[in-house]
Amino acid sequence: METINFILSGLGGQGILFLSKVLARCALNKGFPVLGAETHGMAQRGGSVIAHLRLGNVKGSLVQEGTARFLLSLEENEAYRNLPFLAKEAFLYADASPEAFPKAGVKPYFKKRGITARALPVGRIALDLGAPLAANSGLLGFFAAFSDGPFLQAEIRETLESLSPDAFKALNLKVFDTCLEKGQKSG
Amino acid sequence: MNEAFLLGNGAIALGLLEGGCQVLTSYPGTPSSEILPEAVRLIRSEKLNTYAEWSTNEKVAFDNAYAAAISGKRAACCMKQVGLNVAADSLMSAAYLGTTGALVVISCDDPGPHSSQTEQDTRLMARLAKVPVLDPSTPQEARKMAALALDLSEKFQIPVILRPAIRVCHARQNFRWDPLKDPGKRAAFKKDPTRWAATPRFRYLLHQRLNETLLKVSERFSQLEGVNAHTLAENKKYPLGIIAGGVPHAVIRDILDENHRTDIPVLKLGAPYPFPEKLAFRFVRACNNVLVLEETDTLIEYLLGDRKKVLGRLSGHVPMAGELTPRVIARTLQRVQTELGVEPIALSEDQDVHELVEGLHLPVRKPTLCPGCPHRAAFFAIRKVQPKALFTSDIGCYTLGLNLGGVDTCLDMGAGITLASGFFQAYLQDGVHQPVVATMGDSTFFHSGTAGLMNAVYNDARFILVLLDNQTTAMTGMQPTPALGVRADGRMGKSISLERIVAGCGVDFIEVVDPYDIQAMTALLKKAEAYVTSPKGGIAVVIARHACVIAYRETAIPEKKPVAVTDKCDACGFCHQRFECPALVEDPEGGTTAVNRSLCADCGVCIQVCPKGAIVAA
Ligand code: SF4
Ligand code: SF4
């Protein structure tokens, strides 16, 4: 199969590793070989956190610059910081306000590389639903809304459900569904 | 058949147990910390009899595993690369004495570095100690090599090092395995004082024997299928070949495959020391030039005796510091190819994007203590009472006290105390009584605090030592400490009191305080200061005891105190600069301070911090 690379970014404590686990499990369920790279240790204390996820027969766990098909970012600036990873015609999903994202200075670059940028304030939506820690589920829902990736919406939702701890299952799904719906409306 | 999506460290744990490891010890340190907990999970689920312990430091871990290895059992100890420095004394000697069973030393490297003081290369420690080393490129390979290392160690009766780098430890892959079995070997130490307690005369003989063993292992390494292997075709000459080991091998393999470059042969050295001479020289003979890609130092490059054909760090083609990321390796290869007139690979990266991103002036995200972290409160009180002191600190979350101006030094484990006494004496020699406040975490104190503290007491150094007791080893992922008494497998051991150790080191001033109570802590620090400076005084130890809010999410803040910022806030910025709680942010509308509700832990400490009284209970 052709390799599909994901970059997931955000800040320490936002649940990037969980996001990465859900996507990896979706891929494994479909029989794809998966290799991921995670951030542990010092950087997890509020610093920039990034996870790499590679579907395909690869050996190295890091995505090479210019080859990521998908970038999901739980923070706007971390999305910009990781732009060098994006391949041509890649897709970017950011926790940001759709009116202000992307910055004017970045638009020509997206145009040149054929990159599709999508934004939704998933963190604020999660907070309003009383689940400030479920922004990651929100971003997942927003990603699922467009079906740009190799997974069906239902596959992502089921995997999220099965991997969420019981105490957070209902809230995670609520945030997921809300952001999925908002994504569909915006698209 | 079992299946799981395991961390590389989990794959290593699996490989060890598949290889019949009966005793496993460790001291946590990124990127090695998850090996032992992952092993404990497997031991439980597979109902194995394997013994697993968190040891108090890496040397202790090494020796405990070594005892099993000279009793005929298979054992392993795990640590991070700088932890191997702590265990180096044991390693050097154990290389001479050898084993009767197996000892695998897992020392995880951190090219970057991402979470370490140095980028040191464990393979060079293997060379120094004269023990074999294996260098996996992927989690899958790390699993196989863990078992292989146990086999090699037992066969050649020598400790073997497994050196996974952070990109192996913290990669994730899917694994399947058959049910694991207990090897059931019983401890049988055979007394032989001429070997196990060898005097220098016998050590010379042991050294000779070690050299002979290494020659044999080198032979074996020249034929270690899959681990050391080349892709040369018979009787062909190549303008450029690549020798790579560990993670750089995985990266270059991907790059060559993606670019369909079958014209470039690769010699993979997954077992680089003792150097597989025959294999390496055959490869070099077939190539006009050889590019060496290895992390993080120059082991292979040094061992390739004739370096005329060799391109690498010493020739300036590979960076001398930092991680060899796919970007660095792709650019290195392209440059070398261009120089040699070989068709260069196409780079996937966009040439302008870095300039674009730089132009955005994105905020630098430095790591910070968590909202509600008790260390923040402690550092705030320390700075308040002793603004002019020298602040010696140590390794742990609390190194991030840097951001509050409460950390001036961080050398290595234990140096919070030893540098404190050293500074004190260096100034006192000139007649200056320099105030010094040392900070050290509970786990670090158990690891290497006591020798330094006894030394300081004995030599009458004077400083305040604040033991930041958050009842866990937080930075590395919340491992228990001896004070808790909970052992690696969840059983209870005996808990050890910090107070009693400190008293046992000869300290007479020992007081405990909750750092959340900033007033109480400042009052206590003032008392400590008076004690330290009085002629009859000595070292004052303040134990700032409050549980880590992450490890004890439910209980660390028994009384939640939500806060609000009133309009008394005049945007002076004091709370940002001096307290730097990430939950206190600049209000986007007014420039004053606001509370980020999704980050705030409701600890209420900032109420005591704002000089204008603008932060209040909500
Ligand atoms: S993990 Fe615990 S000790 Fe470490 S910064 Fe967070 S609250 Fe503090
Ligand atoms: S109460 Fe104050 S100090 Fe505590 S986490 Fe919230 S903002 Fe930070």
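Arg163(B) has a relative accessibility of 1% and therefore counts as buried, the limit being under 20%. This value, like those that follow, comes from a predicted model. The side chain of Arg163(B) meets that of Asp135(B) in a salt bridge, with 2.8 Å from N to O. The two residues are 28 positions apart and the pair links distant parts of chain B. Arg163(B) is in the loop between strand S7 (160-162) and helix H8 (166-169), while Asp135(B) is in the loop between strand S6 (133-134) and helix H7 (139-156). Asp135(B) is at 2% relative accessibility, so this residue counts as buried too. Both belong to a network of salt bridges that also takes in Asp109(B), Asp121(B), Arg123(B) and Glu294(B).

**Salt bridges**

Side chains of opposite charge can pair when their charged atoms come close. Over all chains, the count comes to 44 salt bridges. Four of them are set out here.

| Pair | Closest N to O distance |
|---|---|
| Arg172(B) and Glu38(A) | 2.5 Å |
| Asp254(B) and Arg54(A) | 3.2 Å |
| Glu181(A) and Lys185(A) | 3.5 Å |

An α-helix has 3.6 residues a turn, so residues three or four places apart point the same way. Glu181(A) has 44% relative accessibility and counts as partly exposed. Lys185(A), with a relative accessible area of 68%, is exposed.

**Where the chains meet**

The size of an interface is often given as the accessible area lost when the parts come together.

Nine salt bridges are counted between chain A and chain B. There are also 16 residue pairs in polar contact between chain A and chain B, with both residues at pLDDT 80 or more.

A salt bridge joins Asp254(B) to Arg54(A), their closest N and O atoms being 3.2 Å apart. This pair crosses between chains, from helix H11 (residues 246-258) of chain B to strand S3 of chain A. Asp254(B) and Arg54(A) are both buried.

**Aromatic side chains**

A pair of aromatic rings is described by the distance of the centres and the angle of the planes. The whole structure has 17 aromatic pairs over all chains. In one of them, Tyr93(A) and Phe142(A) are edge-to-face, at 6.3 Å centre to centre and with 85 degrees between the planes. Tyr93(A) is in strand S5 (residues 86-95) of chain A and Phe142(A) is in helix H5 (residues 135-146) of chain A, 49 residues apart, and the pair links distant parts of the chain. Are Tyr93(A) and Phe142(A) buried or exposed? Both are buried.

In chain B, Phe189(B) and Trp196(B) have ring centres 5.8 Å apart and planes at 45 degrees, so this pair is tilted. Phe189(B) is partly exposed at 41% relative accessibility, whereas Trp196(B), at 16%, counts as buried.

Tyr93(A) and Phe142(A) also belong to one aromatic cluster, together with Phe6(A), Phe70(A), Phe91(A), Phe143(A), Phe146(A) and Phe151(A).

Charged groups lie over some rings of chain B. The charged end of Arg201(B) sits over the ring of Phe202(B), 4.9 Å from its centre. Arg376(B) lies over the face of Phe579(B), 5.8 Å from the ring centre.

**A helix of chain B**

Helix H5 (residues 88-97) of chain B has the buried residues Ala88(B), Ser90(B), Leu91(B), Ala94(B), Ala95(B) and Leu97(B). The elements of chain B that cover them include helix H3 (58-69), helix H4 (81-86), helix H6 (122-129), S7, helix H9 (193-196) and helix H10 (200-221). After H5(B) comes Gly98(B), with a positive phi near 75 degrees.

How values were computed. Residues are numbered from 1 along each chain as its sequence is written. Chains are lettered from A and ligands numbered from 1 in the order in which they are written. This is a predicted model: local features need pLDDT of at least 70, side-chain atom pairs count only at pLDDT 80 or more; totals for chains, interfaces and linings use all residues. Side-chain values use heavy atoms; hydrogens and water are left out. Rings of Phe, Tyr and Trp (its six-membered ring) pair if their centres lie within 6.5 Å; planes under 30 degrees apart count as stacked, over 60 as edge-to-face and the rest as tilted. Helices (H or I, at least four residues) and strands (E, at least two) are DSSP runs, numbered from the N terminus. Buried means under 20% relative accessible area, exposed over 50%, partly exposed in between (1.4 Å probe, protein chains only). A charge sits over a ring if NZ of Lys or CZ of Arg is within 6 Å of the ring centre and within 35 degrees of the ring normal. A salt bridge is a side-chain nitrogen of Lys or Arg within 4 Å of a carboxyl oxygen of Asp or Glu. A polar contact is a pair of N or O atoms within 3.5 Å; within protein, one must be able to donate a hydrogen and the other to accept it, and residues adjacent in sequence count only if both atoms are side-chain atoms. Contact means heavy atoms within 4.5 Å.
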